[in-house]
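Please look over the sequence and the model shown here. A short report on selected features goes with them.

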Amino acid sequence: MNHLLSKCLIGLLSATILTSAVACTGNEDIEETSTIEENSQAQEQETLPETQTAVETEDQTDDPTEAITEAPSEPAEEFPTEENPDETVASDPEETTDPSPMETEPETQMPLPPADFEVTEEGDTANVSSPSGLTYTVSGYETVDGGAFSFSDTLTIQFPADKFTETFNRLTLSYDSTAPVKIVTTYLTDGVEHSDDYFLEAASGNFSGVVNGFIDDLVGASLTRLTVTPILDETVTFSLKDASTELMAVPESSLYIENERFRLGIDLGWGGTINYIRDNQDQLPKLTNLVNKHDTGRLIQQSFYGTGPIEGVYQPGISFETQWPYNPVQGGDQYNNPSRLIDLVITENSVYIKSQPQDWSLDNQLTPSYMENTYTLQEDTIRVDNRFVDFSGWAHPYAAQELPALYTISYLDTFFWYDGEDAWTGDELSSRDNLNFWGDVNYVEDCTFPVKEANTETWCAWVNTADGYGLGLYVPNVDRFKAGRYEYDGSLNARANSCNYVAPYNTIKLVSFEPLEYSYLLTAGNLDSIRATFTKHKDFTDNADLHENYINTRIPSVGGDITQLVFDSQVSVNALSNHVSTTVTFDEEEQAAKLTAGPEGDANVTVAYGNYRKDLTADVYTILRIEYMIPTDNAKKYYECDLFLCAGETMEPTGDARLRERLTVDGEYHVLEIDLSSKSFWVGEIHKIRFDYFDNASAGDVMYIKAITLE
């Protein structure tokens with residue numbers, strides 16, 4: 001098999017915000033404003049003919065019709081060409097805004113059970129009969145109160161030999177726990193002992209998990225014992241109220257659910273990610289699957305970013321010669337090792353998935369975390385409810401989080417989004433039909449689309465403008481989009497190396513053991529119908545969790561006055577974007593933006609004028625003023641700054657459009673004033689100004705900025 005490279009990305013920690021971008025060509029320059037934007041390593045897949053049942057399933061195959069749309073970039077025999085069967089029993093449920101909740105442990109810790117357990121102690125063990133009638137023996141505890149056992153090492157629960165004797169592939173526990181724990185189930189299969197491990201949240205509720213190897217038809221029998229260990233160094237009180245096993249039907253590794261509007265494919269082999277979307281009503285004959293599923297890093301999926309190396313505790317890997325952070329990825333790792341399926345519930349119009357994601361940069365190393373997805377087919381949308389819990393116990397930094405990561409086929413050539421401040425009024429949309437690879441350091445700013453503070457219309461779409469058809473994504477309460485095209489060729493092939501990408505982003509700090517939940521909608525059609533559908537459902541959720549442990553990075557709603565930037569609030573300093581080796585905060589005492597240089601060097605920030613207005617021209621705005629102050633306790637007695645002025649054909653910083661100026665260090669405010677009227681490069685539309693505010697600064701050096709104006 002050929003292994004084609006499709007993935008180039010990013011993962012460095014700054015002092016406070018985890019950010020970066022690396023070009024596919026091997027460019028290792030760091031852009032600290034964007035965390036990893038594409039998780040993707042090519043791997044060709046063997047395919048088998050598609051099969052269908054009431055809930056349709058297939059084993060890692062495409063809808064056959066997509067194979068004949070173009071000459072594939074990989075061997076033709078990889079793509080089946082038989083007729084696509086139509087015998088799916090589809091459901092057409094009434095639309096609901098309240099789909100079935102995720103089957104998961106409750107978030108709220110409940111009281112421990114009353115003393116209606118029957119407990120008899122014999123030496124170091126206790127014989128227990130629970131209120132449900134379950135009997136077992138417990139050892140390793142320190143104290144017991146009713147059926148609640150306190151322990152700080154390992155609690156062992158032994159089941160009677162004649163209790164769980166039937167073959168099973170799914171286990172359900174009813175429990176109480178005062179703290180998060182790791183459990184290990186031990187069972188026999190053909191007389192050989194096997195063990196599976198799971199995480200339980202601090203809760204009073206139920207947990208269900210399938211055996212490891214479930215989708216490969218592995219089963220267990222004779223469940224013998226359960227061990228429980230604290231995740232943190234603390235005493236835990238735990239009680240087991242009930243346990244049961246079942247033998248459930250095993251679908252193929254890919255399955256479909258379908259109603260009159262959508263056919264949705266879910267890849268159980270790759271963590272329960274979305275690998276297929278087809279619009280049954282508005283579908284163009286030549287177009288089948290809208291989702292690129294080239295490898296485990298593509299698809300539509302959850303992905304989160306956390307800590308860097310922790311000495312003696314955790315060491316993430318290297319990806320594209322870059323130190324990676326902790327990065328749970330729902331589909332799998334960069335070596336195409338799949339994530340582990342933890343639980344599965346299928347209904348007529350929904351699928352619930354729980355998975356244990358791989359750590360992207362490591363080779364087949366599952367993360368101490370769980371991802372949950374509930375996919376629900378509605379009348380005119382696909383609703384996706386997500387939940388993520390990290391069980392590592394590590395302290396994570398703030399990082400740009402993909403919410404979610406979405407990859408489409410290359411055929412959808414143009415990116416649309418709303419960039420205004422009159423949300424949901426039908427105001428003009430913005431679009432880009434020439435986006436480059438978002439992971440290339442040269443295009444990071446060009447592929448980033450901030451949301452203005454007053455804008456609630458946070459949906460986007462990839463659309464083929466020739467046919468007027470595309471796929472839309474709506475995630476309420478996000479701060480920016482990152483979007484781009486990789487090896488664009490307009491391919492209709494869902495397994496092609498070429499693809500398009502978008503991820504809504506918020507800057508969020510993961511907190512161990514605290515669930516992070518958010519929901520989004522998908523729909524398809526022409527641009528007007530996509531917008532009308534999202535307008536209809538604009539209030540379906542507030543995604544409140546996205547503003548927990550969060551830094552607001554929306555750009556201020558300055559209207560037409562972007563030329564007069566005054567940094568007098570936390571929101572106003574967000575106009576300073578694309579921070580490189582820089583922490584930007586609002587200083588209450590100084591009433592100014594505070595720029596603190598990081599240890600990586602080349603500290604800079606950007607004012608992206610083009611994100612606000614497209615009509616600012618260099619022949620009108622010829623005077624640049626920066627009001628600044630540098631404290632006297634900085635490392636140097638004076639500094640020089642560089643200004644990269646991007647206008648006209650100069651879209652990105654270049655040495656041909658650079659000015660160098662000397663700065664005063666005396667603890668007083670000064671105005672740096674520059675006349676740009678005579679500069680040959682200062683012509684045409686103004687795109688951005690990058691301010692490299694310190695040359696050769698030491699980590700921790702500070703500058704305060706009260707205002708940046710163009711006149």
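## Basis of the model

This is a predicted model, in which local features need pLDDT of at least 70, side-chain atom pairs count only at pLDDT 80 or more, and totals for chains, interfaces and linings use all residues. Residues are numbered from 1 along each chain as its sequence is written, and side-chain values use heavy atoms, with hydrogens and water left out.

## Aromatic pairs

The structure holds 33 aromatic pairs. Rings of Phe, Tyr and Trp (its six-membered ring) pair if their centres lie within 6.5 Å; planes under 30 degrees apart count as stacked, over 60 as edge-to-face and the rest as tilted. Phe199 and Phe391 are stacked, because their ring centres are 4.8 Å apart and their planes meet at 10 degrees. Phe199 lies in strand 12 (residues 192-200), while Phe391 is in the loop between strand 27 (382-390) and strand 28 (395-408), so the pair ties together parts that are 192 residues apart in sequence. Helices (H or I, at least four residues) and strands (E, at least two) are DSSP runs, numbered from the N terminus. Phe199 and Phe391 are both buried. Buried means under 20% relative accessible area, exposed over 50%, and partly exposed in between (1.4 Å probe, protein chains only).

Phe415 and Phe449 form a tilted pair, with 5.3 Å centre to centre and 35 degrees between the planes. This pair links distant parts of the chain: Phe415 sits in strand 29 (residues 414-417) and Phe449 in strand 31 (residues 448-450), 34 residues apart. Phe415 is buried at a relative accessible area of 0%. Phe449 is buried too, at 4%. One aromatic cluster is formed by Tyr407, Phe437, Trp438, Tyr486 and Tyr501.

## Charges over rings

A charge sits over a ring if NZ of Lys or CZ of Arg is within 6 Å of the ring centre and within 35 degrees of the ring normal. Arg263 lies over the face of Tyr256, 3.9 Å from the ring centre. The ring of Tyr198 has the charged end of Arg340 over it, 5.1 Å from its centre.

## The second largest pocket

The second largest pocket holds about 420 Å³ of space. On a 1 Å grid over the protein atoms alone, a cavity is a set of points where a 1.4 Å probe fits but cannot get out, and a pocket is an open set with protein on both sides within 12 Å along at least five of seven lines; lining residues have an atom within 4 Å of a point. Grid points are joined across faces, edges and corners, and a volume is the space filled by probe spheres set on the points.

In the second largest pocket, 21 residues form the lining, and Arg432, Asp446, Gly610, Lys614 and Met651 lie nearest the centre. Strand 30 (430-432), strand 31 and strand 47 (686-692) each give at least two residues to this lining. By type, the lining has 5 nonpolar, 8 polar and 8 charged residues. Ala, Val, Leu, Ile, Met, Phe, Trp, Tyr, Cys and Pro count as nonpolar, Asp, Glu, Lys and Arg as charged, and the others, Gly among them, as polar.

## Strand 35 and its partners

Strand 35 (residues 499-511) has 11 of its 13 residues buried, so it is largely enclosed by the rest of the structure. Two strands pair if DSSP finds at least two bridges between them. Strand 28 runs antiparallel to strand 35, with 9 bridges between them. Here Tyr407 stands opposite Tyr501.

Strand 34 (residues 480-486) pairs with strand 35 over 7 bridges, again antiparallel. Arg480 has Tyr505 of strand 35 as its bridge partner. Strand 37 (residues 550-551) pairs antiparallel with strand 35 over 2 bridges. Ile551 in strand 37 is the bridge partner of Thr507.

## Backbone details

Most residues other than glycine have a negative phi, and most peptide bonds are trans. Leu403 and Pro404 are joined by a cis peptide bond, with omega about -5 degrees. Pro404 belongs to strand 28.

Asn549 is not a glycine, yet has a positive phi of about 50 degrees. Asn549 lies in the loop between helix 1 (527-536) and strand 37, and is partly exposed at 30% relative accessibility. Ser581, also not a glycine, has a positive phi of about 50 degrees. Ser581 is in the loop between strand 39 (577-580) and strand 40 (582-587), and is buried at 1%.
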